[in-house]
Amino acid sequence: MGNCSSLPPDYEIIVKTGDVKGAGTDANVYCALVAVNGTRSRDFHLDCRWKNDFEKGNVDSFKVANGTAIGPLKKIEIWRDDSGLGDDWYVEWIKVKNILEPNSELDVFPCHRWVKAERKLILTKYDCMLPQFDDHPEQRKRELEEKRELYRLVRKAPGIPKQWNIQQTKYKLAVKCKLTKLTSDPWEKLEDLDNVYKGSMGKPYGLYNWKEDSAFSRQRLQGCNPTMIELCREIPENFAVTSEMVEPFLDGMTLEEAINAKRIYICNLITLSDIVCRFNRLISKPMALFFVNNSKELMPIAIQLFQKPAEDNPVFLPSDPKYTWMLAKMYYNNADAAFHQSCTHLGFTHLVAETICVGTHRQVSPSHPVFRLLAPHFLYLLAINSLALARLVSPNGWIDICMQTGAEGLMGLCGASWKKWRMNVNGWLPKELKERGVDDAEALPNYPYRDDALLIHQGVFGDGKFTDLEDLIKTVTSIIFISSVGHAAANFAQYDEYAFPPNYPAFLRGKPPTSKEELTEKDIIDHIPLKDMTLDIMLVTKILSDRGTNPLGDFEVQYQYDPIGTKAVENFRRKLTEVSAVLDERNKTRPFPYPYLNPKEIPNAISI
């Protein structure tokens with residue numbers, strides 16, 4: 001600690017330099033205190049001669065002497081010069097202790113800003129206020145003008161020259177798990193895949209029971225793309241399924257009776273119709289029907305792999321030859337995986353959140369309560385989108401090689417779906433569930449995504465304007481949900497689903513079946529990825545399934561310091577603890593646990 005005066009110290013000033021790249025400074029730093037009554041202290045030079053102050057991530061403490069206490073504090077002024085080789089400085093917070101009143105609490109001045117050279121930054125206690133109550137509107141206006149220059153949305157072309165250590169991470173993981181010997185040969189039999197999963201690359205959940213129809217249905221309810229299934233109110237005209245075809249699977253009901261009883265559900269991937277895949281690879285555009293049987297279990301009853309009925313586009317049924325039906329399910333999942341990665345994962349979490357993040361930085365002051373509420377949920381988002389996605393989606397990157405669509409097809413599908421996405425429907429969980437007709441837990445029981453997500457969902461609406469507080473609350477809730485729960489549901493099941501390719505194939509060789517001709521296990525093997533691509537899929541989905549930030553509510557950077565905000569955070573954490581306990585109990589009794597939406601497993605932000 002430094003004492004730069006012969007007078008006895010009356011204040012201790014504690015400064016936290018941010019833990020971000022380039023945050024530390026060698027410049028001369030100064031500050032002054034301002035009391036509620038307007039009294040201002042003298043200028044303090046914050047410096048300890050025997051210590052390198054203000055290094056990245058450091059907390060530095062300085063005892064200073066003003067000669068007298070100036071009364072309850074309202075503001076602090078902080079500034080620096082441009083001396084030293086590294087003069088940039090990012091401050092997380094400043095705290096002030098009145099030494100003359102040992103029992104007094106620390107006054108907190110959150111910053112979360114870069115302090116510019118030769119410009120005073122004035123921070124109000126707690127730094128959390130609406131613009132109409134800010135005593136320094138010009139400072140606020142100037143900050144936003146500068147941030148608008150810094151934060152801009154640009155159209156990212158494939159092949160951005162960015163680097164990410166995914167290749168290095170993949171190699172290290174492969175070596176650690178002794179998986180480097182996989183060649184470009186085909187698999188000889190499906191059982192050979194069992195021997196690949198070793199060490200930290202344990203057997204993915206999808207390896208178990210993947211052949212069973214019940215497992216195929218569970219993917220619609222608790223896989224990594226659980227937002228596609230809808231209540232079937234009528235059979236689409238281009239779905240050539242008939243009641244006679246499916247009656248053997250309807251527990252004595254006709255198809256019409258089952259529809260009227262809300263026991264028929266549909267997934268229709270018509271969105272893929274106009275997508276052109278890399279190298280003109282063929283991808284199906286399927287529809288699938290499901291039935292809630294008398295045991296309250298969802299089961300598949302029909303799959304049509306392309307939208308236009310034709311002789312070479314039959315309706316596949318569970319009664320078809322074993323491997324023929326299996327291959328039809330695999331080609332359905334191949335299409336579902338394409339929608340999952342391009343839309344459910346990339347488009348509706350990463351890119352939606354990035355747009356909101358950039359807009360927030362451009363339009364909302366760091367002092368605004370809404371900024372302080374949202375900021376923890378933007379942590380690392382722009383970095384991961386710029387680095388990781390550019391690496392994965394670049395030409396000849398992982399998407400091009402291991403996904404049926406390739407990068408261009410994936411982005412085309414994402415763009416087409418984005419045009420239809422609306423926050424007040426797709427981004428608001430209760431409305432989204434209602435729109436799909438899956439909000440009725442009696443009609444569709446055992447839907448873990450719905451049940452667990454609703455438990456966490458707390459609660460733009462207003463036709464683009466916030467006419468009342470409720471509209472703002474819903475919008476902020478939606479943003480936080482997308483950035484945490486929505487991304488967790490789409491992301492963290494990836495290894496369990498994708499790593500065993502027959503379960504949820506990102507890529508299939510050959511062409512979808514065009515008849516009900518009886519197939520064999522060899523036909524299945526002839527369609528799944530070769531050994532080296534299997535390894536690539538395993539490694540990347542393992543990396544993507546890792547958690548990159550703290551669990552929801554355990555914020556890496558604290559933004560709330562005012563009494564109202566800190567109380568809200570405490571209540572939020574308490575409720576999450578209660579939810580976590582409920583979900584722990586649910587998963588003990590579920591025949592197939594769903595761990596991905598336990599608050600302990602949900603990161604605060606999209607960081608992977």
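Q: Which residue in β8 stands opposite V91?
A: The model is predicted, so local features need pLDDT of at least 70 and side-chain atom pairs count only at pLDDT 80 or more, whereas totals for chains, interfaces and linings use all residues. Residues are numbered from 1 along each chain as its sequence is written, and side-chain values use heavy atoms, without hydrogens and water. β7 and β8 (107–114) pair in the antiparallel sense over six bridges, strands being DSSP runs of E with at least two residues and helices runs of H or I with at least four, numbered from the N terminus. In β8, V91 stands opposite R113.

Q: How many bridges join β2 to β7?
A: Two strands pair if DSSP finds at least two bridges between them. β2 (residues 11–17) and β7 run antiparallel, and T17 has V91 as its bridge partner in β7. The number of bridges joining β2 to β7 is seven.

Q: Is strand β7 largely enclosed or exposed?
A: Buried means under 20% relative accessible area, exposed over 50%, and partly exposed in between, with a 1.4 Å probe and protein chains only. Nine of the nine residues of β7 (residues 90–98) are buried, so the rest of the structure leaves this strand largely enclosed.

Q: Which strands stand at the edges of the open sheet of four strands?
A: The order of this sheet is β4-β3-β6-β9, with antiparallel pairing. Three bridges join β3 (residues 29–35) to β4, and C31 stands opposite F44 in β4. Each edge strand has a single partner, so one side of it is left without a neighbour in the sheet; these strands are β4 (44–46) and β9 (121–124).

Q: Which element gives the most to the lining of the second largest cavity?
A: A cavity is a set of points on a 1 Å grid over the protein atoms alone where a 1.4 Å probe fits but cannot get out, and lining residues have an atom within 4 Å of a point. The lining includes W210, F216, M326 and K329. The elements giving two or more residues are α3 (213–222) and α6 (322–363). With four residues, the element that gives the most is α6.

Q: How many residues of the lining of the second largest cavity are nonpolar?
A: Ala, Val, Leu, Ile, Met, Phe, Trp, Tyr, Cys and Pro count as nonpolar, Asp, Glu, Lys and Arg as charged, and the others, Gly among them, as polar. The lining has three polar residues and one charged residue. The nonpolar residues number seven.

Conventions. 1 Å grid on protein atoms, 1.4 Å probe; cavity = no way out; pocket = protein on both sides within 12 Å on 5 of 7 lines; lining within 4 Å.
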